[in-house]
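Reader: I'm new to this one. Could you show me the structure and let me ask how you know what you say about it?

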Amino acid sequence: MAARMTSTSTAGIYSPATALVLLLPLIALFCGAFLYPVGRLLAMAVFDPDFTVRHLAKAVESPLYVNVFLRTARIAAAVTLAAFALGYPVALLMSRLSGRAALFVTACVLVPLWTSVLVRSYAWIVLLQTNGLVNGLLRWLGLTEGPLKLLYTEATVLVAMTHVLLPYMILPIYGALRAIPADYERAARNLGAGAVTSFITVTLPLSLPGIFAGCLIVFILSLGFYITPALVGGPETLMAATLISQQATELLDWPFASALSLLLLAGTLVVVVVFRRFLSLSKGL
Amino acid sequence: MLIVLDAARRLGGDVALACFVCIVLLFLVTPTLIVIPMAFGEADYIEFPPRGFSLEWFDRYLTDPDWIDATLFSLKIAAGAMVGATLIGTAASVALARSRLPGASLLFALTLSPLVLPHIVLAIALYLAFAPLQLVGTTTGFLLAHTMLGVPYVTITVSAALRGFDPMLELAALNCGASRTRAFFDVVLPSIWPGITAGAIFAFLASFDEATVSLFISDVGGKTLTRKFFEDIDFNLTPVIAAVSTIMLAVSVVTMAAAAIVKKRQVPATTEEDITA
């Protein structure tokens, strides 16, 4: 029996030496192009040249920089909520459709996901500029007299980021919804539950892992988002990633940029660890 | 959109839900596709609705050596990063699935971490590491960075394909006297090939579309299309940017279509999530 159990597994058929040889290019690449550069950057934040918390202290003591981090967290939370509110219904319908309709919805989600963030952010500039489509539409409807200043506001950053990150919310929820056997909801309906009750008591709880996964990835990506806020945002909507880039490229304050990177990275890691526990818990239920 | 409403109606489902979903889909798709009509307008600034029909902006793009150099550089890096990420990612996925190594799950998590690490942090870290080595703006520097960024896509799709592969087939080959190498190349590789191809396509696209890291490790001599795009967006108000956007969109759609065709032949265990993660 024991022999049979091991023989149906291929987990140990390569010797550790063979496996190491196959893993060597990956380890070399990640040491050289990932661990070393990131480690060096983080070291720069606290060694100048001796150990110092000067740069970190500058970041957490000045209200200016604290505000940027608070704004980043706030925008990331708002984007996550908005993406969830818009994305869940799409994922729900997607999981029920089949054939050409399903293909159409999937294409609507995947084409934006795999279109450059630059192209999509540029589109928002085109749509929202003073003589852009949205202002033209508002004037045509008679809602506004002159063109509104739509670009470089926090609302615009929110809308554009939600647009860019929405597919990352839809796909994990769709995956979770697809994994729920259709019988479960049918059983609930047969037992007398209405559409709303069976959704709330059966479908929604079973899709929680997908919801957590979607929210986690959207929140994390929002925290470190650079391109979209840099293009459609302004000085009043400064977010962490843009602040880091400014300190590095405009002010050439690399140690301070490193300290800010360390904080952003730490924040991201905390979210990953906390949510991960959440994720595994909800899976265990 | 009509097809969605119609399908929802036939399901006997909620028309309100379908209507809401259609609005969200319009919100998703309109800003993605809006650049296309803009690229064919006659006016030398962006206006909506665009007037006339002209190919001038595509011609401008094709005759500007700066744009063409950046495009060719991007294609070269994306192709190289795709090959590198596919070889390295496939070898690593196979090794992790076929051996019992301590720390294997940690190593797997490490390969996925470029997906969640803020790209601005990676961008600055890579710039600082590359600058003293004179790697900024070089093919070597870009290949190193973009191969690393492409590896997670390959490990995700190849690991999923390996999970969907019946291990009995490989064991049968080994029992029939095939060497491990032969069993891999003759039995395992053909079955996980769709996963490898899908990973390669995603790695290509991830490199071609990558903007943040490319912005920092480019210089005057070597810059990607995304860096040139970012530089021009603020002062070049002509529809050339819209034309470039249309071309980038076309590259994405064609590549995605290729991935979808490959996916049709994919082993069933690969889920939507694995592919698009």
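Author: Happy to. One thing before we start: a helix here is a DSSP run of H or I with at least four residues. With that, residues 77-97 of chain B come out as 100% helix and 0% strand, with the end C-alpha atoms 29 Å apart. Keep in mind that this is a predicted model.

Reader: What makes residues 77-97 of chain B a "transmembrane region"?

Author: That label comes from UniProt, in an unreviewed entry, which also lists residues 15-40, 104-130, 142-162, 183-206 and 240-262 of chain B. UniProt annotations may be inferred rather than shown by experiment. As for residues 15-40 of chain B, that span is 92% helix and 0% strand, and its end C-alpha atoms lie 37 Å apart.

Reader: Which residues of chain B carry the name "ABC transmembrane type-1"?

Author: UniProt, again in an unreviewed entry, puts that domain at residues 71-259 of chain B. Over this stretch the chain is 78% helix and 0% strand, and the end C-alpha atoms are 22 Å apart.

Reader: Why is α10(B) called roughly antiparallel to α13(B)?

Author: Look at the angle. The axes of α10 (residues 180-209) and α13 (residues 240-264) of chain B come within 9 Å and cross at roughly 165°. Angles over 145 degrees count as roughly antiparallel, so α10(B) is roughly antiparallel to α13(B). The crossing is left-handed, too.

Reader: How do you know which residues of α10(B) and α13(B) make the contact?

Author: The test is whether C-beta atoms, placed from the backbone, lie within 7 Å. Among the residues making this contact are B:P194, B:I201 and B:F208 of α10(B), and B:V251, B:A258 and B:K263 of α13(B). By class, the contact has eleven nonpolar, three polar and two charged residues.

Reader: And where chain A touches chain B, how many residues does each chain bring?

Author: Chain A gives 79 residues and chain B gives 76. On the chain A side, helix α2 (residues 16-46) has the largest share, with 16 residues. That side divides into 58 nonpolar, 17 polar and four charged residues.

Reader: What makes the peptide bond from A:D48 to A:P49 worth a look?

Author: Most peptide bonds are trans. The one from A:D48 to A:P49 is cis, with omega near -10°. A:P49 sits in the loop between α2 and α3 (54-61) of chain A.

Reader: What is phi of A:Y152 near?

Author: It's near 65°, a positive value in a residue other than glycine. You'll find A:Y152 in the loop between α7 (133-140) and α8 (154-178) of chain A.

Technical notes. Residues numbered from 1 in each chain as written. Chains lettered and ligands numbered in written order. Predicted model: local features only at pLDDT ≥ 70, side-chain atom pairs only at ≥ 80, totals over all residues. Helix = DSSP H or I, 4+ residues; strand = E, 2+ residues; numbered from the N terminus. Contact = placed C-beta atoms within 7 Å. Nonpolar A, V, L, I, M, F, W, Y, C, P; charged D, E, K, R; others polar. Axes fitted to C-alpha atoms, helices over the stretch in contact; angles between N-to-C directions. Parallel < 35°, antiparallel > 145°, perpendicular 65-115°, else oblique. Left-handed = near helix turned anticlockwise from the far one by under 90°.
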